Amino acid sequence: MEFLPTTFLEGLRIAYFMSGLFGIIGVSYRVLKLKETYSGSKKEEVKGFFQFTSNFLKETIYVLRHAGDGAKKLLIYSILASIGTGMTVPYTSLYLVGALKLQPEFYGLLTNLAGLVSVLLLLPAMRIIEKVGLRKSAFYASLSIPLSQLIFVRAKGMNDLVTWSTIGGVSTALLGPSLTALQANFSPQMMRARLMALFSVFSLISAIPGQIIGGYLYDNCGLLTPFLASTPVFVLATLTLSRIKGD
């Protein structure tokens with residue numbers, strides 16, 4: 001990585017560290033503070049870290065045993081999607097700036113473009129979801145992720161990168177609301193808070209090995225290898241999503 005300025009690399013490391021730290025804090029707060037919607041649930045006090053960990057593992061096993069088939073498939077999807085995301089997202093900026101020699105400000109514009117497209121399409125996306133259905137909307141949005149990865153690895157200029165960024169924004173607008181609604185619909189009322197928290201916890205934890213694998217591939221197997229290797233992971237996640245029955 002000699003072609004990247006030291007200050008740029010240090011800034012990325014700090015940004016990833018801070019995002020991971022705040023993610024852990026946010027998920028931990030959610031696990032500790034969320035209350036069950038089921039009136040008959042019991043409140044347990046957390047007495048120390050080890051008891052909290054033991055209780056959390058017991059609750060996780062209980063929820064997984066009693067969760068329905070749809071919820072389990074959504075958990076598997078969240079894990080696979082997080083692994084694929086972990087393999088690619090931390091190294092996207094490194095590849096664009098280092099290998100494609102894209103100016104950092106243009107990378108910022110691409111990121112803002114994806115966010116702008118997502119916001120502008122949010123209301124139309126809600127109408128599309130209502131007409132098409134939650135499961136189909138989530139499936140089509142998820143299917144666009146490996147397709148956008150292929151566009152990214154073949155990108156030769158700004159037009160390709162704008163297309164990649166736009167597809168990412170469209171996918172986010174459709175996938176976010178439909179996936180969240182599916183998670184809620186397939187979560188039984190008596191364990192909804194715990195199951196919704198597990199979606200966040202599993203996603204955060206499974207991103208860690210994805211980042212490690214992506215970093216190893218990036219440094220030892222070629223700069224494009226993490227993005228190519230993540231494509232079948234995203235495809236497998238999409239296939240898992242397609243096996244869910246109903247909305």
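The largest share of the nonpolar patch, four residues, comes from H6. This is a predicted model in which local features need pLDDT of at least 70 and side-chain atom pairs count only at pLDDT 80 or more, while totals for chains, interfaces and linings use all residues. Residues are numbered from 1 along each chain as its sequence is written, and side-chain values use heavy atoms, with hydrogens and water left out.

The protein has nine helices and zero strands, where helices (H or I, at least four residues) and strands (E, at least two) are DSSP runs numbered from the N terminus. Of the 247 residues, 38% are buried; here buried means under 20% relative accessible area, exposed over 50% and partly exposed in between (1.4 Å probe, protein chains only).

To return to the patch, Ile-128, Val-132, Tyr-140, Leu-143, Leu-147 and Leu-150 make a nonpolar surface of about 520 Å². Patch members have over 30% relative accessible area and no salt bridge, with like charges joined within 9 Å and nonpolar side chains (Val, Leu, Ile, Met, Phe, Trp, Tyr) within 5 Å; areas come from the Shrake-Rupley method with a 1.4 Å probe, only the protein chains shown counting as cover for residues. Helix H5 (122-132) and helix H6 (134-153) each supply at least two residues of the patch. Val-132, which lies in H5, is partly exposed at a relative accessible area of 34%.

The largest pocket holds about 1200 Å³ of space. Its lining counts 38 residues, and the closest to the centre are Thr-85, Thr-88, Val-89, Thr-172 and Phe-234. On a 1 Å grid over the protein atoms alone, a pocket is an open set of points where a 1.4 Å probe fits, with protein on both sides within 12 Å along at least five of seven lines, and lining residues have an atom within 4 Å of a point. The volume is the space filled by probe spheres set on points joined across faces, edges and corners. H7 gives the largest share of the lining, 11 residues. By class, the lining has 16 nonpolar, 22 polar and no charged residues, with Ala, Val, Leu, Ile, Met, Phe, Trp, Tyr, Cys and Pro counted as nonpolar, Asp, Glu, Lys and Arg as charged, and the others, Gly among them, as polar.

Finally, the model has one salt bridge, defined as a side-chain nitrogen of Lys or Arg within 4 Å of a carboxyl oxygen of Asp or Glu. Asp-69 pairs with Lys-73, their closest N and O atoms being 2.6 Å apart. Asp-69 and Lys-73 are separated by about one helical turn, because they lie four residues apart in helix H3 (residues 69-99). Asp-69 is partly exposed at 49% relative accessibility, whereas Lys-73 is buried at 15%.
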